[in-house]
Amino acid sequence: MPQTDEIARVAALFKLMSDPTRTRLLYALLEAGELYVSDLAATTGTSESTVSQALRMLRASGIVTGRRDGR
């Protein structure tokens, strides 16, 4: 049986991935690679603010990393 902390990490990952928007974003990133927020919004059919909020949660959990380019 896995340790309690490992089970908690896996449960947190499943909880994070239970949102369809976050799952669509991850699929889009896996398929296309690095994308702008506006491109992710167009690809997934969601608003830029929704994409930004979902990416914030994914970054906080360490699943994705952010990179600023330009202004």
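Modeller: A nonpolar core is a set of buried Ala, Val, Leu, Ile, Met, Phe, Trp, Tyr and Cys residues joined through side-chain atoms within 4.5 Å. Buried means under 20% relative accessible area, exposed over 50%, and partly exposed in between, with a 1.4 Å probe and protein chains only. This is a predicted model: local features need pLDDT of at least 70, side-chain atom pairs count only at pLDDT 80 or more, and totals for chains, interfaces and linings use all residues. Residues are numbered from 1 along each chain as its sequence is written, and side-chain values use heavy atoms, with hydrogens and water left out.

Colleague: Which residues make up the largest nonpolar core?

Modeller: The largest nonpolar core has 12 residues: Leu-16, Leu-25, Leu-26, Ala-28, Leu-29, Leu-40, Ala-41, Val-51, Ala-54, Leu-55, Leu-58 and Val-64. Helix 2, helix 3 and helix 4 each supply at least two residues of this core.

Colleague: What does Leu-55 touch?

Modeller: Leu-29, Val-37, Leu-40 and Val-64, leaving aside residues up to four places away in sequence. Contact means heavy atoms within 4.5 Å.

Colleague: Back up. How many helices and strands are there in the chain?

Modeller: The chain has 4 helices and 0 strands. Both are DSSP runs numbered from the N terminus: helices are H or I with at least four residues, strands E with at least two.

Colleague: And overall dimensions?

Modeller: The C-alpha trace spans about 45 × 25 × 20 Å along its principal axes. Of the 71 residues, 23% are buried.

Colleague: Now helix 3. Which residues of helix 3 are buried?

Modeller: Helix 3 covers residues 37-44, and its buried residues are Leu-40, Ala-41 and Thr-44. Down the helix axis they fall within an arc of 100°, so they line one face of helix 3. That arc is taken from the directions from the helix axis to the C-beta atoms.

Colleague: What do the buried residues of helix 3 pack against?

Modeller: Helix 2 (20-32) and helix 4 (48-60). The face of helix 3 turned away from its buried side carries exposed Ala-42 and Thr-43.

Colleague: What comes just after helix 3?

Modeller: Gly-45, with a positive phi of about 75°.

Colleague: Last one. Is Thr-21 buried or exposed?

Modeller: Thr-21 counts as buried because its relative accessibility is 14%. Thr-21 sits in helix 2. Setting aside residues up to four places away in sequence, Thr-21 touches Thr-46 and Thr-50.
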